[in-house]
Amino acid sequence: MIRVQREDFDVGQEVRRLSAGGVGAVATFTGFVRDEGKTLSALTLEHYPGMTERQLEAIEAKAHRRWNLAEVVIIHRHGRLLAGEAIVLVAVAAAHRADAFAACEFLMDWLKTKAPFWKQEEGPDGTRWVEAKTEDDARAERWGDDC
Amino acid sequence: MRVLWFAWLRTKVGVGEETIDPPQGVATVADLVEWLKGRSPGHAAALGDMTMVRAAVNQDFAQADHPVRTGDEIAFFPPVTGG
């Protein structure tokens, strides 16, 4: 299940929903806006409506093909977020922890290179666009060229 | 066809979206980039260094040799920074 939204989310609520069916394992990752040593006050996330959902659904489908999963939840916020706010949740429900852990990490590594969002940081010297990191491409590549 | 611009490309071009009617010879993303650069100094600045730019055709990532056709939605943006 993919949600692209402005509003904040509740990790506990999402985990309770995923585990309600009696699944054995739920692994989650939550990403927050870092304050970069108190120099960042806010982050604005722009996205490409339509392509965002399409790419996240594609990543979710890859994870289902590769591991034995009960359910995947990806929630990604957009808009202006303050330092400390949550940006993204990846939650994976599976019968066993190996599948849940691996799929959760895979989804985050892929999301970092494929999800069409762009971040703009606000700091003491003004606003600047964040640049993509080559280490994100390297992390995604280590999963191989998947299905 | 429609062209969408995101992030600093939109700032340089001055618009987020435009409808265009390129000539017959524009058959690929690479052809389109060359044609778009001639539209304005802002367009030329946005597409000046294609190592800093990524493209999508109909909401899928596309390489330079990807075909472009009437009715397509083409987007240009920086490498993504989500998550």
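In which strand of chain A is His76(A) found? His76(A) sits in β4, the strand that covers residues 69-77 of chain A. Before following this residue further, let us see how the two chains are built.

What you see is a predicted model, in which local features need a pLDDT of at least 70 and side-chain atom pairs count only at pLDDT 80 or more, while totals for chains, interfaces and linings use all residues. Residues are numbered from 1 along each chain as its sequence is written, chains are lettered from A and ligands numbered from 1 in the order in which they are written, and side-chain values use heavy atoms, with hydrogens and water left out.

Start with chain A, which has four helices and eight strands. Helices (H or I, at least four residues) and strands (E, at least two) are DSSP runs, numbered from the N terminus. The C-alpha trace of chain A spans about 50 × 35 × 30 Å along its principal axes.

How much of chain A is buried? Buried residues make up 46% of the 147 residues; buried means under 20% relative accessible area, exposed over 50%, and partly exposed in between (1.4 Å probe, protein chains only). Among contacts in chain A between residues at least 6 apart in sequence, 77% join residues at least 24 apart, where contact means heavy atoms within 4.5 Å.

One spot in chain A has a backbone detail to look at. Glu36(A) has a positive phi of about 50°, although it is not a glycine. You can find Glu36(A) in the loop between β2 (25-32) and β3 (42-47), and it is partly exposed, with a relative accessible area of 40%.

Now turn to chain B, with three helices and five strands. Read along the sequence, its pattern is β-α-β-α-α-β-β-β. The radius of gyration of chain B is 12 Å, close to the 12 Å that the globule rule gives for 83 residues, so chain B is as compact as a globular protein of that length. Its C-alpha atoms fill a box of roughly 35 × 30 × 20 Å along the principal axes, and 48% of its 83 residues count as buried. In chain B, residues 24 or more positions apart account for 53% of the contacts with a separation of 6 or more.

Chain B also has a residue with a positive phi that is not a glycine: Ala7(B), at about 55°. Ala7(B) belongs to helix α1 (residues 7-13) and counts as buried, at 0% relative accessibility.

Finally, back to His76(A). Is His76(A) buried or exposed? His76(A) is buried, with a relative accessible area of 0%. Leaving out residues up to four places away in sequence, His76(A) touches residues of chain A including Arg3(A), Leu45(A) and Phe117(A), and also Gly82(B) and Gly83(B). A polar atom of the His76(A) side chain lies 2.9 Å from the backbone nitrogen of Gly83(B).

Terms used
The radius of gyration is taken over C-alpha atoms; the globule rule is 2.2 Å times the number of residues to the power 0.38. A polar contact is a pair of N or O atoms within 3.5 Å; within protein, one must be able to donate a hydrogen and the other to accept it, and residues adjacent in sequence count only if both atoms are side-chain atoms.
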